[in-house]
Amino acid sequence: MSDTFGDWDSFDRMLDADRFAKLMKAELKAAYRRLGIYARALIRRRITAAQRYKENSLVTELLKGGTTPVLAKRKLYESIEFEVRDTAEGAVELVVYVKGSPKTSSGRTIAEIVHDGAVIRVTPAMRAALFARLARKGVLGQLPPTGPAKEYWVIPPRPFIRDPMSSPVYRKRVESEIKAATERVFATLSGTSPPTQKNAEAD
């Protein structure tokens, strides 16, 4: 007499921890690449939305030649990149960053200052350089009589990366991708058909 309780071969394969870890890591890398594409699209959409952040000062608008707070000649928009990396612990992580942003004397990049904000002490040399630049652009006469004569410049934070990546729509996509990745791993281990993948572009 014999009893059949199921497909024990499939069950045995699903208990293979090393195989599960290898498959899961590969699926997560693929999922994170799709999430990176999706995050970049959300971030670029946020960058071009001028109304979401504090308006530029008059001096900043004159220097940039525009009113969108975090957009200057599309450089920031086009520099949003992402990488899927292996961590020292053997896990996988998604890193979204601004490629090629120059560093200031403080060691912070310009992108970091725009993103997180800053309070900058204005030196006479900085003030003179600003006046010279405004003069070269031919807009010095558009300033109020006091001009940019401040002891400190306050740059308000404009978290163009953190805001989209902490938004409900992005979190929902992350949950969906991780769930689908896990289901595909179990489907592979059990020999069943895996679920289909969702388009990575922003909705």
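Modeller: Start in helix α8 with glutamate 183 and lysine 179, which are four residues apart, so about one helical turn separates them. Their side chains meet in a salt bridge, 2.6 Å from N to O. Keep in mind that this is a predicted model.

Biologist: Is glutamate 183 buried, exposed or partly exposed? And what about lysine 179?

Modeller: Glutamate 183 counts as partly exposed, because its relative accessibility is 35%. Lysine 179 is at 51%, so it counts as exposed. The cut-off for exposed is over 50%.

Biologist: How many salt bridges does the structure hold?

Modeller: Nine. One of them joins the side chains of glutamate 27 and arginine 184, at 2.8 Å from N to O. Glutamate 27 sits in helix α2 and arginine 184 in helix α8, so this pair ties together parts that are 157 residues apart in sequence.

Biologist: Are glutamate 27 and arginine 184 buried or exposed?

Modeller: Glutamate 27 is buried, with a relative accessible area of 18%. Buried means under 20%. Arginine 184 is buried too, at 4%.

Biologist: Which residue does arginine 162 bridge to?

Modeller: Aspartate 116, with the closest N and O atoms 3.6 Å apart. That pair also links distant parts of the chain. Arginine 162 is in helix α7 (residues 162-165) and aspartate 116 in helix α5 (residues 110-116), 46 residues apart.

Biologist: And how accessible are arginine 162 and aspartate 116?

Modeller: Arginine 162 is partly exposed, at 44% relative accessible area. Aspartate 116 is partly exposed as well, at 42%.

Biologist: Which residues are linked in a network of salt bridges?

Modeller: Lys25, Lys29 and Asp86.

Biologist: New topic. How many aromatic pairs are there?

Modeller: A search of the whole structure gives two. Take phenylalanine 20 and phenylalanine 186: the ring centres are 5.5 Å apart and the planes meet at 40 degrees, so the pair is tilted.

Biologist: Why does 40 degrees make that pair tilted?

Modeller: Planes under 30 degrees apart count as stacked and those over 60 as edge-to-face, so 40 degrees falls in the remaining class, tilted.

Biologist: Which helices hold phenylalanine 20 and phenylalanine 186?

Modeller: Phenylalanine 20 lies in helix α2 (residues 17-47), and phenylalanine 186 in helix α8 (residues 168-190). The pair therefore ties together parts 166 residues apart in sequence. Phenylalanine 20 is partly exposed, at 26% relative accessible area. Phenylalanine 186 is partly exposed at 36%.

Biologist: And the pair of tyrosine 38 and tyrosine 170: what are its distance and angle?

Modeller: It is 6.2 Å centre to centre, with 10 degrees between the planes, and it is stacked. Tyrosine 38 is in helix α2 and tyrosine 170 in helix α8, so the pair ties together parts 132 residues apart in sequence. Tyrosine 38 counts as buried, at 1% relative accessibility. Tyrosine 170 is buried at 5%.

Biologist: Which arginine lies over the face of tyrosine 38?

Modeller: Arginine 173, at 3.9 Å from the ring centre. Tyrosine 77 has an arginine over its face too: arginine 44, at 5.1 Å from the ring centre.

Biologist: Last one. What span should helix α6 have?

Modeller: Helix α6 (residues 124-136) has 13 residues, so at 1.5 Å a residue it should span 18 Å. Its end C-alpha atoms are 18 Å apart, which agrees. Just after α6, glycine 138 takes a positive phi of about 75 degrees.

Note on methods:
Residues are numbered from 1 along each chain as its sequence is written. This is a predicted model: local features need pLDDT of at least 70, side-chain atom pairs count only at pLDDT 80 or more; totals for chains, interfaces and linings use all residues. Side-chain values use heavy atoms; hydrogens and water are left out. Rings of Phe, Tyr and Trp (its six-membered ring) pair if their centres lie within 6.5 Å; planes under 30 degrees apart count as stacked, over 60 as edge-to-face and the rest as tilted. Helices (H or I, at least four residues) and strands (E, at least two) are DSSP runs, numbered from the N terminus. Buried means under 20% relative accessible area, exposed over 50%, partly exposed in between (1.4 Å probe, protein chains only). A charge sits over a ring if NZ of Lys or CZ of Arg is within 6 Å of the ring centre and within 35 degrees of the ring normal. The expected span of a helix is 1.5 Å times one less than its number of residues. A salt bridge is a side-chain nitrogen of Lys or Arg within 4 Å of a carboxyl oxygen of Asp or Glu.
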